[in-house]
Amino acid sequence: MAAAGARWNHVWVGTETGILKGVNLRRKQAANFTAAGQPRREEAVSALCWGAGGETQILMGCADRTVRHFSIEEGRFRGQRHCPGGEGTFRGLAQADGTLITCVDSGVLRVWGDDKETSSDPVLELRVGPGVCRMRQDPVHPHVVATGGKENALKVWDLQGSEEPVFRAKNVRNDWLDLRVPIWDQDIQFLPESRKLVTCTGYHQVRVYDPASPQRRPVLEATYGEYPLTAMTLTPGGNSVIVGNTHGQLAEIDLRQGRLLGCLKGLAGSVRGLQCHPSKPLLASCGLDRILRVHRIRNPRGLEHKVYLKSQLNCLLLSGRDNWEDEPPEPPEPAKLSSEDTEADELWASLEAAAKRQRPDLEQTSGVVPTGRRKKKRPGSASP
């Protein structure tokens with residue numbers, strides 16, 4: 001039943017134990033999918049992305065440097081590919097024009113060809129700098145990606161152009177003590193209908209960059225809270241972002257004025273994955289508290305769904321379909337009685353048969369035995 005209903009799952013989550021979990025929010029059910037054998041922490045899922053053909057395939061990047069291909073229509077894994085090169089786990093996965101794009105901690109970005117089953121040489125290899133925390137693909141231009149990390153400023157790369165970045169961000173000016181401000185970009189998003197990008201940092205800052213402007217420094221900066229920001233997603237309108245930090249706090253930041261619009265509550269651990277629905281006011285979040293939550297981000301704000309998934313959660317994908325409630329009903333299964341129910345029915349049938357056999361005897365004896373009522377004596381009355 002898990003494989004048959006995989007296409008109706010609303011959220012896909014990658015776990016620390018190497019399991020891909022499909023969650024149906026309507027039924028409050030979660031199904032586990034593993035490539036083979038028992039789950040292992042050596043195969044922890046570090047990145048997820050949609051494959052070619054829309055939301056029919058999922059690419060899952062694991063800690064053992066393999067990328068597994070999961071078919072949602074069939075509800076099973078269809079193959080995997082080993083992607084060596086560099087050190088560390090995957091910090092981003094993407095697919096463009098039949099090619100696979102990977103990036104790891106040490107800053108090795110590689111583009112792989114169409115051959116999925118072999119570990120042939122990559123088509124393109126770029127050195128984007130060490131300490132990468134995130135690689136993000138431009139949804140409008142799939143051949144454009146952005147990278148950033150710890151002491152690795154934001155860069156934008158055109159994989160069809162030169163081996164140099166088309167945009168390299170510049171650090172902000174020194175602080176009021178004339179000390180250098182450290183760099184730690186944790187997540188990146190491309191703003192729709194513009195060339196702007198937004199980043200969130202490990203020093204609780206949200207920054208907007210505009211490659212079309214003459215300056216390479218941020219054109220807008222806002223701060224939230226006191227703890228490192230770990231994940232970020234764009235809201236459906238694209239005018240604000242929702243960020244999460246290491247203490248489970250979620251907040252919506254306006255990108256036009258840089259002000260706080262509101263907060264969401266409920267998380268108890270570090271936030272690892274955030275994604276908004278492209279058209280509905282819904283936000284999916286996951287983290288180290290092992291719970292998948294779906295919040296409503298427009299008035300009234302609040303928690304819509306909450307599913308406990310048993311494992312620490314690293315990343316997620318939220319289905320973008322609009323007809324969430326159009327799942328066809330399951331065909332009714334024929335009622336099957338258990339052995340205990342069958343034995344109970346047989347016992348009651350035998351008792352009814354015994355009662356019918358005893359009923360004529362009771363009717364015959366009832367005509368012989370007198371059923372007169374004796375008069376009750378009063379206390380203290382003398383007998384005649």
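This is a predicted model: local features need pLDDT of at least 70, side-chain atom pairs count only at pLDDT 80 or more; totals for chains, interfaces and linings use all residues.
Close-up 1. Leucine 177 is partly exposed, as its relative accessible area is 49%. Together with Trp176 and Leu179, Leu177 makes a nonpolar surface patch of about 410 Å².

**Close-up 2. Aspartate 178, in the loop between strand 15 and strand 16.** Here we meet a residue other than glycine with a positive phi, near 60°. Aspartate 178 counts as exposed, because its relative accessibility is 58% and exposed means over 50%.

**Close-up 3. Arginine 65, a buried loop residue.** Follow the chain from strand 5 (57-62) towards strand 6 (66-71), and you will find arginine 65 in the loop between them. Arginine 65 is not a glycine, yet its phi is positive, at about 70°. Is this residue buried or exposed? Arginine 65 counts as buried, since its relative accessibility is 11% and the cut-off for buried is under 20%.

**Close-up 4. A cis peptide bond at proline 300.** The last stop is the loop between strand 26 (291-296) and strand 27 (302-308), where proline 300 has its place. The peptide bond leading from asparagine 299 to proline 300 is cis, and its omega is near 0°.

Terms used
Residues are numbered from 1 along each chain as its sequence is written. Side-chain values use heavy atoms; hydrogens and water are left out. Patches are made of residues with over 30% relative accessible area and no salt bridge: like charges are joined within 9 Å, nonpolar side chains (Val, Leu, Ile, Met, Phe, Trp, Tyr) within 5 Å. Accessible areas come from the Shrake-Rupley method with a 1.4 Å probe; for residues, only the protein chains shown count as cover. A salt bridge is a side-chain nitrogen of Lys or Arg within 4 Å of a carboxyl oxygen of Asp or Glu. Buried means under 20% relative accessible area, exposed over 50%, partly exposed in between (1.4 Å probe, protein chains only). Helices (H or I, at least four residues) and strands (E, at least two) are DSSP runs, numbered from the N terminus.
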